[in-house]
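The sequence and the structure come first.

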Amino acid sequence: MMVRCIVISLTLLCTNYFASYTKAQPHDISRHRSKVYAFVNGNWFDGKSFIKKTFYTQNGILISTKPHHIDSIIDLTGKYIVPPFGEAHNHNVEAHNHNVDGFDEKRFLALKDKYLKDGIYYVKNPNSLPRTTAPIKNQINIPESIDVIFSNGSFTATDGHPIEIVKRNQDQNVWTTADGEGGFYYTINKPEDFTDKWESLKKTNPDFVKTYLLYSEEFEKRKNDSNYFGWKGLHPSVLKVMAEKIHKDGYRISTHVETAVDFHNALVAGVDEINHMPGFRTVEGYGMDMYKISDADAKLAAKNKTIVVATMGNMIRNIFNTIDTVPASKEKKEMVIYNFNVLTKNKVQLAIGSDKYRENSRYEIENIARLNIFDNVTLLKMWCETTVRAIFPKRKVGYLKDGYEASFLVLNGNPIKDFKNTGRINMRIKSGMILPVF
């Protein structure tokens, strides 16, 4: 059968074509998504290197077998194609600006565009206020926007993190009493507290569950001391009981940790994901050994296939900014490098997340790159493979393979030779739809 198509050069596609596309109405976008494209003359990332091949997009899926009908052939002119990136820890996808009561659409659209501009299609929000995310549900998880999952409220102990965040917003009259217990968090002090509150949280339809451990080795010391308000969390034994019930109901669990003992206790409890590498923020008076992950725990994390979302970017940036003026910065740098090395040596899955409200995971990956302990292939795989799987473990995303979602980035240069090329994005395709230029 004769293939009827038109050939579009990448240069033309990025100028005149997009000028008209950005003005399209929603029904035009739907028709555009249904088109069958042939992407030729591109170098595609296979997890190790780049190989020359042709891929086709049909019904939002990547295929390597030539379809009977092709609408357009897009010449990639030797450019480099990688899967989209992920942000495995950020709380910034919401409808509310802290200074605005209601849906700040302008802010949300700017945030969405920033993510897509940076090549980040997938976002995980581990602790959110359901009433601030409900208004944007019809503006996410669609081809022309970012895909996001939410934990909704979280589990902590009385006066534990993140209750101090809620109190601050309540004191500023931004959040209400209802946004505290039963909204942003649920307090669990003993196993008997869990059943009813778990049923309440489930009614909010969380995508996964967020829990907190903070300085759990000092749980008894901190639990009734107001000086530690916001610097404590669940009792480890309670978390273990909770995890068993949460898993039985089919949910994955992410746990915030601060110290190496928290890391150990989270593993023993059987959580699926650890949020923060120990030492992402340190406390004066505590030595760096408190934050160093043991070789045995790294082995256990690998055995359990526990994903670690490091969120070390801000710590790394501060280290480099003060390395010549603050003696403790050298000790912190050694601790950070030690933890990354012990995890990678034991093949622990590392995901990228910034936990910075005004940034995204590009901030995180660029700061990690400054340590010079990972090669560019490893950094790339962390960001576009492990991170994306941490967000959507059941979807066919994160790889450029037959039958996977037709979502990818076209880069002007080879990111293995120069990692800065991850930011030199020439073209963005999501679910088979060509996104506008940002």
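Does F194 count as buried or exposed? At 1% relative accessibility, F194 counts as buried, where buried means under 20% relative accessible area and exposed over 50%, with partly exposed in between (1.4 Å probe, protein chains only).

This is a predicted model, in which local features need pLDDT of at least 70 and side-chain atom pairs count only at pLDDT 80 or more, while totals for chains, interfaces and linings use all residues. Residues are numbered from 1 along each chain as its sequence is written, and side-chain values use heavy atoms, with hydrogens and water left out.

F194 belongs to helix α6 (residues 194–202); helices (H or I, at least four residues) and strands (E, at least two) are DSSP runs, numbered from the N terminus. Residues up to four places away in sequence aside, F194 touches F155, I188, M242, K245 and I246, contact being heavy atoms within 4.5 Å. M242 lies 48 residues from F194 along the chain, yet the C-alpha atoms of the two are separated by 7.1 Å.

**Aromatic pairs and charges over rings**

The whole structure holds 20 aromatic pairs, counted when rings of Phe, Tyr and Trp (its six-membered ring) have centres within 6.5 Å; planes under 30 degrees apart count as stacked, over 60 as edge-to-face and the rest as tilted.

W44 in strand β2 (residues 37–45) and F55 in strand β3 (residues 50–58) are 11 residues apart, and W44 is buried at 1% relative accessibility, as is F55 with a relative accessible area of 1%. Because F85 lies in strand β7 (residues 85–87) and W383 in helix α14 (residues 376–391), their pair ties together parts that are 298 residues apart in sequence; both F85 and W383 are buried. W44 and F55 also belong to one aromatic cluster with Y37, F39 and F408.

K124 lies over the face of F208, at 4.7 Å from the ring centre, and K292 over the face of Y338, at 5.4 Å from the ring centre; a charge sits over a ring if NZ of Lys or CZ of Arg is within 6 Å of the ring centre and within 35 degrees of the ring normal.

In α3, the buried residues are R107, F108, L111, K112, Y115 and L116. Seen down the helix axis, these residues fall within an arc of 165 degrees, so they line one face of α3, the arc being that of the directions from the helix axis to the C-beta atoms. Their cover includes β7, β8 (120–125) and β18 (425–430).

The largest nonpolar core has 111 residues, of which V93, F155, V336, F340 and L343 touch the most other members; such a core is a set of buried Ala, Val, Leu, Ile, Met, Phe, Trp, Tyr and Cys residues joined through side-chain atoms within 4.5 Å. Its largest share, nine residues, comes from α14.

**Backbone features**

The peptide bond from H161 to P162 is cis, with omega near 15 degrees, and P162 sits in the loop between β10 (154–156) and α5 (163–171). Y215, although not a glycine, has a positive phi of about 50 degrees, and Y215 is buried at 0% relative accessibility.
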